[in-house]
Structure formats: C-alpha cells, structure tokens
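Please read it alongside the sequence and coordinates.

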Amino acid sequence: GFRHYTVADCEFNSSKLNDIEYTQSYYYNKLEYVRFCSSVGKYVGYTEYGIKNAERWNNGPEVIARRGEKERYCFHNVGIDVEADLTKS
C-alpha cells in the first residue's frame, strides 16, 4: 500500500511570538512533496506533483486559511508548552 500523511509543526526558537514558525508538510511514501511555511507565507512544491499543487493552492482560498494557522495552532499552544518545559527544568 501507499502512505499519504500530513505533519503540522510549530518551531519555537525563542520566547518571542513573532519568531514562531508554523509548517505543514504533505508526504507520499515518505517523500515530502509540498509544504506550507508561515515565514514564506505560501505553499512550496518539491516534486512535479507538489509544484502543481502549490501553484493551485497559492491561487485559491487554501493559502489564506493556512496563514491563520500560526495564530490558531501555535499561539494557542505556546503557553502550554513553555509552562510544561519550565516545570521540567
């Protein structure tokens, strides 16, 4: 069988909220073919199929919806993650 999966990730490099980077990567059989990165603000394709999808998604409502994910997904969890890390140290 084939595997298709998506991974969403927030990278906290400092305590400043502006330095948080949200990425969402799409994989097919362990090969990343397209990624949304909040620092770039659009989808980037890494394969022929990924490039076609990135072009289509960047011209549609998908990219606008994805731009709000940093605030919705990352900012919501930053307080929880920082507090958990501080109690462990």
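## Nonpolar core

The largest nonpolar core contains 13 residues, and those with the most contacts inside it are Y26, V34 and Y43. A nonpolar core is here a set of buried Ala, Val, Leu, Ile, Met, Phe, Trp, Tyr and Cys residues joined through side-chain atoms within 4.5 Å. Two or more residues come from each of β2, β3, α1 and α3, and β3 gives the most, with 3 residues. Helices (H or I, at least four residues) and strands (E, at least two) are DSSP runs, numbered from the N terminus.

Leaving aside neighbours within four places in sequence, Y43 is in contact (heavy atoms within 4.5 Å) with Y26, V34, R35, F36, A54, W57, N58, E62, V63 and R66.

## Basis of the description

The model is predicted: local features need pLDDT of at least 70 and side-chain atom pairs count only at pLDDT 80 or more, while totals for chains, interfaces and linings use all residues. Residues are numbered from 1 along each chain as its sequence is written, and side-chain values use heavy atoms, with hydrogens and water left out.

## Sheet and packed helix

The sheet is open and has 4 strands in the order β1-β2-β3-β4, with antiparallel pairing. Two strands pair if DSSP finds at least two bridges between them. The edge strands, each pairing on one side only, are β1 (4–11) and β4 (42–45). From one strand to the next, the twist averages 20°. Axes are lines fitted to C-alpha atoms, for helices over the stretch in contact, and angles run from 0 to 180 degrees between N-to-C directions.

Strand β3 (residues 31–37) runs antiparallel to β4 and is joined to β4 by 4 bridges. V34 has G45 of β4 as its bridge partner. Helix α1 (residues 48–58) packs on the sheet, touching β2 (21–28), β3 and β4, and its direction makes about 165° with that of β4.

## Disulfide

The structure holds 1 disulfide, a disulfide being a pair of cysteine sulfur atoms within 2.5 Å. C10 is joined to C74, with an S to S distance of 2.0 Å. The torsion about the S-S bond is about -85°, so the disulfide is left-handed. Because C10 lies in strand β1 and C74 in helix α3, the pair ties together parts that are 64 residues apart in sequence.

Both C10 and C74 are buried, where buried means under 20% relative accessible area, exposed over 50%, and partly exposed in between (1.4 Å probe, protein chains only). Helix α3 (residues 69–88) also holds N77, which is partly exposed at 23% relative accessibility. N77 and C10 are 67 residues apart in sequence and 9.2 Å apart in space, C-alpha to C-alpha.

## Loops

N29 lies in the loop between β2 and β3, and K30 is also found in the loop between β2 and β3. Most residues other than glycine have a negative phi. N29, although not a glycine, has a positive phi of about 50°; for K30, phi is near 70°, also a positive value in a residue other than glycine. N29 is partly exposed at 35% relative accessible area, whereas K30 counts as exposed at 76% relative accessibility.

T47 is located in the loop between β4 and α1. A polar atom of the T47 side chain lies 3.0 Å from the backbone nitrogen of G50. Apart from neighbours within four places in sequence, T47 is in contact with L31, E32 and Y33.

How values were computed: A polar contact is a pair of N or O atoms within 3.5 Å; within protein, one must be able to donate a hydrogen and the other to accept it, and residues adjacent in sequence count only if both atoms are side-chain atoms.
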